[in-house]
Amino acid sequence: IEDRWRKYPNPLAYRNLASRTFNDLDVIVRKADIPRAKAVLLGEGYQARAPFAETPVGGSWEAEYNAWNFDHPENGIAFDLHWTITSEHFSFPFDLDQCWGRAVSVSVGGMTLSTLCPEDYLLTLCAHGYTHHWKKLAWVCDLAELIRATGNLNWPELLARAKACRSERMLFLGLRLASDLLGAELPDQIRASIETDVTARTLALQVRGWLFHESDGVRVTLRKRLLLIRARECWRDRLQVLRHMVLTPNERDRAFLSLPRSCHLLYYLVRPVRLLVGYVSRLLR
């Protein structure tokens with residue numbers, strides 16, 4: 001990897017940080033280092049955002065989140081401390097331990113930092129866009145710019161890692177969006193593989209719909225939910241995502257109805273009720 005990156009002193013999707021707006025900082029650390037990293041942030045004046053302020057490291061809540069969120073009350077900086085790429089319910093078995101061995105160095109603000117190698121970075125960008133229904137064009141731009149900035153991506157290795165993560169369609173969807181919307185150049189072999197996935201093509205058309213047209217309404221919301229299911233090629237992963245969407249409680253459910261800790265299991269009944277009430281209320285607007 002070092003030989004491959006000698007020609008790129010700053011291998012970022014955007015060579016100039018001013019080219020990309022952002023409102024928070026996302027840093028990945030090993031899960032075992034989360035307590036120490038948290039202590040450093042608290043020592044610098046950051047405050048853990050709810051629900052992390054009231055919860056210890058570890059516990060069942062980790063299945064719902066993939067990062068601790070912090071805010072600085074004085075400088076207004078939001079800092080997200082990640083220990084994995086996506087939450088557990090998205091069934092994205094991406095081995096971060098192996099990523100540390102493939103990490104590359106980049107220069108940011110005069111400091112040398114470690115970051116994901118381009119193949120891992122590209123796959124995580126596709127996973128991130130997928131988990132958020134590709135609702136922002138900026139995320140497609142990130143993908144296209146990374147492809148443009150990296151002229152020697154190891155495409156066979158990228159496909160192999162996507163297959164290992166049962167996420168080939170997730171990858172194909174992101175690459176199709178980057179190619180169709182922003183003209184990202186893909187090798188002929190990769191483009192041929194993408195063309196064989198009819199579902200990815202259909203999902204890309206739907207994403208284009210809510211990117212450039214009205215994105216509110218029950219119909220679009222349901223399509224976004226279905227994208228999370230249809231973008232997975234493995235039925236086990238589809239059922240996992242569906243189960244989470246319908247049954248797994250989150251902060252909105254706890255805000256919808258406050259229950260004592262001894263009754264928290266009832267939130268598994270509260271969630272489908274809240275979802276139904278929400279959809280009906282939107283239909284009646």
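Contact here means heavy atoms within 4.5 Å. This is a predicted model, so local features need pLDDT of at least 70 and side-chain atom pairs count only at pLDDT 80 or more, while totals for chains, interfaces and linings use all residues. Residues are numbered from 1 along each chain as its sequence is written, and side-chain values use heavy atoms, with hydrogens and water left out.

Start with Trp-155. Not counting residues up to four places away in sequence, Trp-155 touches Leu-122, Ile-147, Leu-175, Leu-186, Pro-187 and Ile-190.

Now the overall figures. Buried means under 20% relative accessible area, exposed over 50%, and partly exposed in between, with a 1.4 Å probe and protein chains only. Of the 285 residues in the chain, 44% are buried. Helices are DSSP runs of H or I with at least four residues, strands are runs of E with at least two, and both are numbered from the N terminus. The chain has 13 helices and six strands. Among contacts with a separation of 6 or more, 64% are between residues 24 or more positions apart.

On to the cores. A nonpolar core is a set of buried Ala, Val, Leu, Ile, Met, Phe, Trp, Tyr and Cys residues joined through side-chain atoms within 4.5 Å. The largest has 52 residues, and those touching the most other members are Leu-122, Tyr-130, Trp-134, Trp-155, Leu-171 and Leu-175. Helix H7, residues 168-182, gives the most to this core, with seven residues. A second, separate core has 11 residues, including Ile-34, Leu-41, Tyr-46 and Leu-81.

Leu-81 brings us to strand S4. Five of the five residues of S4, residues 78-82, are buried, so the strand is largely enclosed by the rest of the structure. Ala-78, Asp-80 and His-82 are on one side, with Phe-79 and Leu-81 on the other. What does S4 pair with? Two strands pair if DSSP finds at least two bridges between them. Strand S1, residues 24-28, runs parallel to S4 and is joined to it by five bridges, with Asp-24 opposite Ala-78. Strand S3, residues 67-71, runs antiparallel to S4, also through five bridges, and Trp-68 stands opposite Leu-81. The hairpin of S3 and S4 has six residues between the strands, and Gly-76 takes a positive phi near 75° there.

Next, helix H4, residues 118-131. Of its 14 residues, 12 are buried, among them Leu-122 and Tyr-130. Just after H4, His-133 has a positive phi of about 60°.

In helix H9, residues 198-212, the buried residues are Thr-199, Ala-200, Leu-203, Ala-204, Gln-206, Val-207, Trp-210 and Leu-211. Seen down the helix axis, the buried residues of H9 fall within an arc of 165°, taken from the directions from the axis to the C-beta atoms, so they line one face. Their cover includes helix H5 (137-149), H7 and helix H10 (218-230).

Last, Arg-176, which lies in H7. Is Arg-176 buried or exposed? Arg-176 is buried, with a relative accessible area of 7%. Its side chain makes a polar contact with the side chain of Glu-195 at 3.2 Å. A polar contact is a pair of N or O atoms within 3.5 Å; within protein, one must be able to donate a hydrogen and the other to accept it, and residues adjacent in sequence count only if both atoms are side-chain atoms. Leaving aside neighbours within four places in sequence, Arg-176 also contacts residues including Ala-200 and Ala-204, both among the buried residues of H9.

Conventions
The expected span of a helix is 1.5 Å times one less than its number of residues.
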